Amino acid sequence: MLLNRARRRAVLWTTLLPLSLATFSCAKQAPELPPRYAFVRFENLSGDASLDWMGIAVSDYLSSSLARALDGPVLGSDSLTRSGAGLGFEPAATPGVSAERADALSADVNRLYSGYIERTGGQIRLVASAEDLSTHKTTKVVSASAPDAMSAIAKLARGISPDAAPYFTSNERVLRLYAASLVEAAGGGVPLLEQAVREDPGFGPAWVALANSALVRGDRTALLDTVQRGEANKIDPLSRANLDVLRTRLSGDREAQVNALRKLSDQSPGDAWLLRQVAETQTATGRFADSAQSWKKIGEILPNNPDALNQQGYALAWSGNYPGAVDVLKEYARVRPNDPNPLDSLGDVQFMYRKFGDAAASYMSANAKNPRFQNAGELYKAAWARYAAGDKSGADTAFGQFRAAREKSAPVGLELYAADYYFRTGRRPEAAKLLQEKASVPANAAQLAIWDLMANQRDAAVKRLAGVNATPTVAVLIAKFAAMPSATPEVWKQRADTILRGPGAEAIRDPALGYALLFDGKTEAAREVWSRVVQESPATEFISRAVLAKLKGEPVKFALTPDPASVNPMRALID
């Protein structure tokens, strides 16, 4: 099973907790993580409010200057914000120290630098301390003093590592303007940033902050103008890569977006969260082999986060590398011996490649580890795998077990699962009877109407839907639209443009039109619509690709894995 973002965050957090011997019975201990650094804002203890700007400035300077000077990657504030936001890529208001610390933990930082600012004898004194987050012990304390802020920060950086690189600007006023802008509300820091780039046009971080401010305000014109102005200057590679990402976001060119994200990731080698976004974007655009490599790299960066193995396994399978996918998922099972998800994922890959007997065994093994996993969903998946393997009796047994388990825990809507199972296994009268007993339920009426349309019984479908007046679901909307009188492709297109309008309707317009044309026998027009749906959808949207393959008379590349979370009312079209 592919984990959603919330579950991924939960998986990541569990890797930060002590691991019991019972959990990893096959391993002596979890591997020691390589150093991963971050600098949080410094506290101003000087009593001089005019030095408040230094809190952010010091951490930003040190993160940049020491990015390649320590024995592990240094994650800057952008990287911490991305991880803290759960893979988001939107710029956020500058967080406080406690929030930054939480973000650092979520990014698997294990060496955290914090510090303070004070005035002593007419000089600015900075003190930085490094904490090992696994032991909570201070591992290093460094201090530096100088008459001015810029000299003090540079001296502190060299005290932490003699390999510290120069910062992006040597102008203290520019750094002050930039740091002060970051605590302003959206748009409030623009005048400060504009002043900063006037005084030092080569200061890349200010251009990136200006562009992000335009993005937050939704000002496309200002965003493009800022990106163009920034790129015209000799700015650092990281800032240029950030501007390129922002520019490609507006272009709509998915290939360019992937390439821009990859270049930004290359400039931020320790940012696993950014690399995750690269991998997900590569997956969405069908670059599955590249995605698998990105997930492999994430696993190397975060060796205690097994989700990377899960994602890599699926990406390899989608790329056509079945043996590689199986090997990776078996390794996933080895490092998570008590977790049913590795076996579930292995079953999915086996099902995709039509190795249905193996898939059924994997699903049943996952269920044995945790019968509550996916709310008994492994039994549902096993039933379909057994049926596809030709074991109809075994399929019915597994489905009966699934149905009994769901009756106890989540009986609402269970008749849809049962009716779909009966219909697609050749017991159509029993399927119809199940739903007719609860035909007042909109989802049930929609499913019956769709089956009527598949049987070319349009009048019956209209009657089924006549009494459905409740707030419509997507299935009801599509069924009602597709049940309209037979028409030419041109008229169907006009209907779609006229009827399927408003919030939420845009996303279903083409699929609804495609299904309507299919049910009305307009095969050539339906192929054109489904070709467009496939082109505009993520590469892992396999339902639309299966529909298009059927319309073209081509074999469906991958068998569609069973989904115990919902019933697709159109699923029988693909069988």
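Predicted model: local features only at pLDDT ≥ 70, side-chain atom pairs only at ≥ 80, totals over all residues.

Biologist: What makes the phi of R354 worth a remark?

Modeller: Most residues other than glycine have a negative phi. R354 is not a glycine, and yet its phi is positive, at about 65 degrees.

Biologist: Why is R354 called partly exposed?

Modeller: The relative accessible area of R354 is 39%, and a residue is buried under 20% and exposed over 50%, so R354, with its 39%, belongs in between and is called partly exposed.

Biologist: Where is A376, and what is its phi?

Modeller: A376 is in the loop between helix 17 and helix 18 (377-388), and its phi, near 65 degrees, is likewise a positive value in a residue other than glycine.

Biologist: Is A376 buried or exposed, and how do you know?

Modeller: A376 has a relative accessible area of 4%, and because the limit for a buried residue is under 20%, A376 is called buried.

Biologist: How do you know whether S544 is buried or exposed?

Modeller: The relative accessible area of S544 is 1%, which is set against the limit of under 20%, and therefore S544 counts as buried. This serine is found in helix 28 (residues 542-552), and, leaving aside residues up to four places away in sequence, S544 touches W530, V533, V534 and S537.

Biologist: Why does S151 get the label partly exposed?

Modeller: S151, in helix 5 (residues 149-160), has a relative accessible area of 33%, and because this value lies between the 20% and 50% limits, S151 is called partly exposed. The C-alpha atom of S151 is separated by 23 Å from that of V183, and the two residues are 32 residues apart along the chain.

Biologist: What makes you say that the span of helix 11 is close to the one expected?

Modeller: Helix 11 (residues 254-267) has 14 residues and reaches 20 Å from its first C-alpha to its last, and the expected value at 1.5 Å a residue is 20 Å.

Biologist: Which residues of helix 11 are buried, and why do you say that they line one face?

Modeller: The buried residues in helix 11 are V258, A260, L261, L264 and S265. Seen down the axis of helix 11, they fall within an arc of 165 degrees, so they line one face of the helix. Their cover includes helix 10 (237-251) and helix 12 (272-284).

Biologist: How many helices and strands does the protein have, and how much of it is buried?

Modeller: The protein has 28 helices and 6 strands, and buried residues make up 50% of its 575 residues.

Conventions. Residues numbered from 1 in each chain as written. Heavy atoms only, no water. Helix = DSSP H or I, 4+ residues; strand = E, 2+ residues; numbered from the N terminus. Buried < 20%, exposed > 50% of the residue type's maximum accessible area, 1.4 Å probe, protein only. Contact = heavy atoms within 4.5 Å. Expected span 1.5 Å × (residues − 1). Arc of directions from axis to C-beta.
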